[in-house]
Amino acid sequence: MYTQALDSPGAEPRSPASAGEAERERRFQERIDRDEKIEPKDWMPEGYRQTLIRQIAQHAHSEIVGMLPEGNWITRAPTLRRKLVLIAKVQDEGGHGMYLYSAAETLGVSRGELIEQLLAGRAKYSSIFNYPTLTWADIGAIGWLVDGAAIMNQIPLCRCSYGPYARAMVRICKEESFHQRQGYEIMLTLARGTPAQREMAQDALNRWWWPSLMMFGPSDAESVHTAQSMRWKIKRFSNDELRQRFIDVTVPQAQFLDLAVPDPALRWDEASQHFITGPIDWSEFQTVLKGHGPCNRERLGARRAAHDAGRWVREAAAAYADKHRDRTGGGAERYAQAV
């Protein structure tokens, strides 16, 4: 869902490749250039593998942590229909995380290792989930803006050069499109409601607009890994290209809602046929990414508590696997590891 991991520090620089390895890398790049999918058993450069692990893991962590800002509104949703839809959406997010952890495992890293990195605070997830959901309108803004930004990021990932990741993204994108529509419907209902409801919708837009633009990661000039990721076709478009697409699509939607985008510098540029925005406060982005956002500690605390509360389930599954290993040929053990 999110590309901020592409701008995290990668592995240490390695020594120059041998002649044989250089030839393998040349053939690998030729496959990429022909738009062939790379599969788990295919040879790949270590940098390619590590980049994918970093991106897919951050994507998976973001889906799992992303359940939290909305999950606490399930019991407070205004109608039974809204409650059912929100339950379905939060359940989807959990499923997305599981798809993505499975995709990462094809690269030789275990799900347990990735989760341990998240709980220890060593792994990143999208900065957007470190903001609080103060009103019901925030649930609409998350669906409309956050999931809308996610779709803009994710649709190109369906053509990612790594097969398991690309295939996982097909279903995820279909479900994210539902998430975006339900969020916009909430905002539309509020925008056409009472003055208090309109004020609530405007306040949510004010608070979520800039963090949503930051979801695409730093500007291209500051992005560390984008050029190489685009060469490997892990990523198809740069951060600024995707951000601009999102702005051009979303501003007219805000205008239809008759809500004001909180950017006094926003204007339509006839020459470029794009909306031009004011400067993004990247110091806020860096502060949140470093763990000092409004809800960083709360989000990780909730994940750690859930992990501890579920320990008995994992232990029971492991005991079942031990008991039935010979009978099932290892299938139960694999199930226990997945849980």
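This is a predicted model: local features need pLDDT of at least 70, side-chain atom pairs count only at pLDDT 80 or more; totals for chains, interfaces and linings use all residues.
Where do the two residues sit? Arg-236 is in the loop between helix 9 (226–231) and helix 10 (239–257), and Asp-35 is in the loop between helix 1 (19–33) and helix 2 (46–65). So the pair ties together parts that are 201 residues apart in sequence. Asp-35 is partly exposed, at 45% relative accessibility.

The count of salt bridges comes to 25. Here are some others.

Take Glu-46 and Arg-49. Their closest N and O atoms are 2.8 Å apart, in a salt bridge. Both residues belong to helix 2, 3 residues apart, which is about one turn of the helix. Glu-46 is partly exposed at 40%, and Arg-49 is partly exposed at 22%.

There is also a network: salt bridges link Glu-23, Arg-26, Arg-27 and Glu-30.

Now to helices 4 and 7. Glu-185 forms a salt bridge with Arg-81, with 3.1 Å between the closest N and O atoms. Glu-185 is in helix 7 and Arg-81 in helix 4, 104 residues apart, so this pair links distant parts of the chain. Both count as partly exposed: Glu-185 at 29%, Arg-81 at 46%.

How do these two helices pack? Helix 4 (residues 80–105) and helix 7 (residues 163–191) meet at an angle of about 160°, with axes 10 Å apart. That makes them roughly antiparallel, since the cut-off is over 145 degrees. Their crossing is left-handed. By class, the contact has 11 nonpolar, 4 polar and 9 charged residues.

Key:
Residues are numbered from 1 along each chain as its sequence is written. Side-chain values use heavy atoms; hydrogens and water are left out. Axes are lines fitted to C-alpha atoms, for helices over the stretch in contact, and angles run from 0 to 180 degrees between N-to-C directions. Helices (H or I, at least four residues) and strands (E, at least two) are DSSP runs, numbered from the N terminus. Angles under 35 degrees count as roughly parallel, over 145 as roughly antiparallel, 65 to 115 as roughly perpendicular and the rest as oblique. A crossing is left-handed if the near helix is turned anticlockwise from the far one by less than a right angle, and right-handed if clockwise. Ala, Val, Leu, Ile, Met, Phe, Trp, Tyr, Cys and Pro count as nonpolar, Asp, Glu, Lys and Arg as charged, and the others, Gly among them, as polar. A salt bridge is a side-chain nitrogen of Lys or Arg within 4 Å of a carboxyl oxygen of Asp or Glu. Buried means under 20% relative accessible area, exposed over 50%, partly exposed in between (1.4 Å probe, protein chains only).
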